[in-house]
Amino acid sequence: MKNVFFLGIGGIGMSALARYYRFIGYDVWGYDRTRSELCVKLEETDGCHIVYEESDEYIEMLEKRDFDMAVVTPAVPKDNLYYRYFEGKNITLKKRAQVLGDITREKRGVCVAGTHGKTTTSTMVTHLLKQSHVDCSAFLGGISKNFGSNLVLAENGTDIVAIEADEFDRSFYHLTPWIAVVTSTDADHLDIYGTHEAYLDAFAHFTSLIVEGGVLLSKEGIKLESRVKESVRHYTYSVGGNADYRAENVRVGNGKILFDFVYPEGKIRDIDLGVPVMVNVENAAAAMAVGMICGMTADELKVGMESFKGVERRFEVKYNDGVKVHIDDYAHHPDELSRSIESVNMLYEGKKIVVAFQPHLFTRTRDFYKEFAKVLSMSEQVVILDIYPARETPIDGVTSKIIYDELTSRVKRLSTLKGLQMTLDEMEWDVLLTVGSGDIGLFKIGR
């Protein structure tokens, strides 16, 4: 192949693939609706050719080049001009997950799946392996703050590649893991699966895809039916409990979280968690287990965990002037939201906290509005923004107000993203937690 086209090239997963193909010598072309920061980097740093509107003139330009493959994402509808063009030209159309699947069959894939925790865990795995003698490549679902990128390339010739395994649209069915990690199986994407039972069945199928002699690592106690091949080893991880790999003796104080890591052959004491948020103890247990299975030493694990800087938009401190603090988090599922709020309440006990939540998708709001309201009510002050629709069209009767009406918080407000600063100016607060996987991540204090 000499030319590859990406429809939805600005997506976090698509952009990593685009950069990978550019790195190995292909001309990369693409379309996206918005010229995001990721798109700017693809154009200016990597030399990709991107268009932001559906244009017949651009089609004429494409006609002059031979494309061997177009990579598509579900976020781009099939009636898109470029989708129809490539479909009509009988050019191979592959989903992003299919391309990742091809890579896992060429290399040893460490595939991290789960309703939540997969981005941070896969990024932790990448950082741990990369700074050790093992090394790895990675396609991440977020921007690693250690590497400043969602694409990481191996330098020592290793064939280990870390991949975030997305269950949306059953994308992870295309993968062939060497090591599969399952962090959680709480119900989500019911617009795709219909029921929690069908969702759980998808994860069961995912475990069946692990190669002969591979490994399944799952969080202790989650609902998961293992369908692994007979030669696949199955380990568990946890915080406390009796898992094969576990964090215990967790200590919080002086802005740090320390814990001991227990593994089948021994214990590593006093692990200093690089990003001191309680949910990261669980993610660290999973990532360190993978590191140990891949051959990392105890010293490499300890040094690597302390130097982990986190992922953009995963409990990221975006502003701190000593008076006010702004933390931004990607949480968009009730369980993720609960962990985020618990963490900020623990870290800033006694402070006046405001949680500003932007619901993501009409279907998810419809399916979980009561759960969202119950979790948000853990905060005394809550602002609910308009629903971020992403790929969806509105559903009658489904607005942010159905969450707002269920809230029991002492102070509650409805707002738009544009009006959020004005809303905050009318409230008393020390700490702001913005949460959601839409464009709320663009919000900055004072703007």
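# Exercises on a predicted model

The place of Gly101 is in helix α5, which covers residues 96–106. The structure used in these exercises is a predicted model.

**Exercise 1.** Decide whether Gly101 is buried or exposed, and find which residues are in contact with Gly101 beyond its neighbours within four places in sequence.

*Solution.* 
Step 1. The relative accessibility of Gly101 is 0%. Buried means under 20%, so Gly101 counts as buried.
Step 2. With the neighbours within four places in sequence left aside, Gly101 is in contact with His174 and Leu175.
Step 3. A separate check concerns Ser55: Gly101 and Ser55 are 46 residues apart in sequence, and their C-alpha atoms are 31 Å apart in space.

**Exercise 2.** Locate His127 and describe the polar contact of its side chain.

*Solution.* 
Step 1. Helix α6 runs over residues 118–130 and contains His127.
Step 2. The relative accessible area of His127 is 6%. This value is under 20%, so His127 is buried.
Step 3. The side chain of His127 makes a polar contact with the side chain of Ser307, at 2.9 Å.
Step 4. Leaving aside neighbours within four places in sequence, the residues in contact with His127 are Asn146, Phe147, Gly304, Ser307 and Phe308.

**Exercise 3.** Work out how strand β18 is enclosed and which strands pair with it.

*Solution.* 
Step 1. Strand β18 covers residues 353–357, and five of its five residues are buried, so the strand is largely enclosed by the rest of the structure.
Step 2. Ile353, Val355 and Phe357 point one way from β18, while Val354 and Ala356 point the other way.
Step 3. Strand β21 (residues 431–435) pairs with β18 in the parallel sense over five bridges. In this pairing, Leu432 of β21 is the bridge partner of Val354.
Step 4. Strand β19 (residues 381–385) also pairs with β18 in the parallel sense, over four bridges. Here Val355 stands opposite Val382.
Step 5. Together with helix α12 (residues 362–376), β18 and β19 make a right-handed β-α-β unit.

Definitions and conventions: Residues are numbered from 1 along each chain as its sequence is written. This is a predicted model: local features need pLDDT of at least 70, side-chain atom pairs count only at pLDDT 80 or more; totals for chains, interfaces and linings use all residues. Side-chain values use heavy atoms; hydrogens and water are left out. Helices (H or I, at least four residues) and strands (E, at least two) are DSSP runs, numbered from the N terminus. Buried means under 20% relative accessible area, exposed over 50%, partly exposed in between (1.4 Å probe, protein chains only). A polar contact is a pair of N or O atoms within 3.5 Å; within protein, one must be able to donate a hydrogen and the other to accept it, and residues adjacent in sequence count only if both atoms are side-chain atoms. Contact means heavy atoms within 4.5 Å. Two strands pair if DSSP finds at least two bridges between them. A crossover is right-handed if, with the strands pointing away from the viewer, the path from the first strand over the helix to the second runs clockwise.
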